[in-house]
Amino acid sequence: MNWLPVIGLLIGFFIFYFVPLELPSDYAPYLSLAALSGLDSILGGIRAGIEGKFHVDVFVSGFIFNTLLAALLAYLGDQIGVDLFLAAVVTLGGRMFLNLSLIRRYYLTQWNISRQRDTERT
C-alpha cells in the first residue's frame with residue numbers, strides 16, 4: 001500500500017507521455033505548478049503510508065483538490081498581477097523536501113536495523 005502513490009505517478013506519466021496531446025504553451029506555468037502539487041501529494045501519501053495513516057480517499061481527494069487549487073492560484077495571480085506562483089512553489093517545495101527527508105530517514109533507519117540484525121546473527 002505504501003507504493004500506491006508511486007504507481008499512480010507512473011501510470012499518469014505513461015498516459016501523458018504516450019498520448020499525443022498538445023497543450024498551448026500559455027498553460028505551462030499552471031501545469032508545472034499543478035505537477036509540483038501532485039508530486040507533493042505523492043510524497044505526502046508515501047509518508048502517510050510509512051506512518052500507517054494512509055487512506056485512499058484522503059489521498060485521492062487531496063491530490064485532485066491540491067492540484068486544482070495550485071493551478072487556480074497561479075491563474076488568479078496572473079489575473080490580478082500578484083506573483084502567487086512563487087508563493088505556491090516555495091510552499092510546495094518546502095513540503096516536498098520535508099516529506100522526502102522523513103521518507104529517507106525512515107528507510108535509512110530500517111536499513112541500519114537490518115544491518116544490526118545481520119551482524120548479531122553472525
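Aromatic pairs and helix packing

Colleague: What is the relative accessible area of Tyr75?
Modeller: This is a predicted model. Tyr75 is partly exposed, so its value falls between the buried limit of 20% and the exposed limit of 50%. The relative accessible area of Tyr75 is 40%.

Colleague: Is Tyr30 buried or exposed?
Modeller: The relative accessible area of Tyr30 is 15%. The limit for burial is under 20%. Tyr30 is therefore buried.

Colleague: How many aromatic pairs does the structure hold, and what geometry do Tyr30 and Tyr75 form?
Modeller: The structure holds 8 aromatic pairs. Tyr30 and Tyr75 form one, at 5.9 Å centre to centre. Their planes stand 70 degrees apart, and over 60 counts as edge-to-face. So the count is 8 and the geometry is edge-to-face.

Colleague: How many residues apart are Tyr30 and Tyr75?
Modeller: The pair links distant parts of the chain. Tyr30 belongs to helix α2, and Tyr75 to helix α3, residues 56-80. The separation is 45 residues.

Colleague: Which class of pair do the rings of Phe59 and Phe63 make?
Modeller: Their ring centres are 6.1 Å apart.

Colleague: What is the relative orientation of α1 and α2?
Modeller: Helix α1 spans residues 4-18 and helix α2 residues 28-50. Their axes lie 8 Å apart, at an angle of about 155 degrees. Angles over 145 count as roughly antiparallel. The two helices are therefore roughly antiparallel.

Colleague: Which residues contact Asp40, beyond its neighbours within four places in sequence?
Modeller: Asp40 lies in helix α2. Asp40 counts as buried, at 1% relative accessibility. Its contacts are Leu92, Arg95, Met96 and Asn99.

Colleague: Which residue lies over the face of Trp111?
Modeller: The distance to the ring centre is 4.7 Å. The cut-off is within 6 Å. The residue over Trp111 is Arg115.

Definitions and conventions: Residues are numbered from 1 along each chain as its sequence is written. This is a predicted model: local features need pLDDT of at least 70, side-chain atom pairs count only at pLDDT 80 or more; totals for chains, interfaces and linings use all residues. Side-chain values use heavy atoms; hydrogens and water are left out. Axes are lines fitted to C-alpha atoms, for helices over the stretch in contact, and angles run from 0 to 180 degrees between N-to-C directions. Helices (H or I, at least four residues) and strands (E, at least two) are DSSP runs, numbered from the N terminus. Angles under 35 degrees count as roughly parallel, over 145 as roughly antiparallel, 65 to 115 as roughly perpendicular and the rest as oblique. Buried means under 20% relative accessible area, exposed over 50%, partly exposed in between (1.4 Å probe, protein chains only). Contact means heavy atoms within 4.5 Å. Rings of Phe, Tyr and Trp (its six-membered ring) pair if their centres lie within 6.5 Å; planes under 30 degrees apart count as stacked, over 60 as edge-to-face and the rest as tilted. A charge sits over a ring if NZ of Lys or CZ of Arg is within 6 Å of the ring centre and within 35 degrees of the ring normal.
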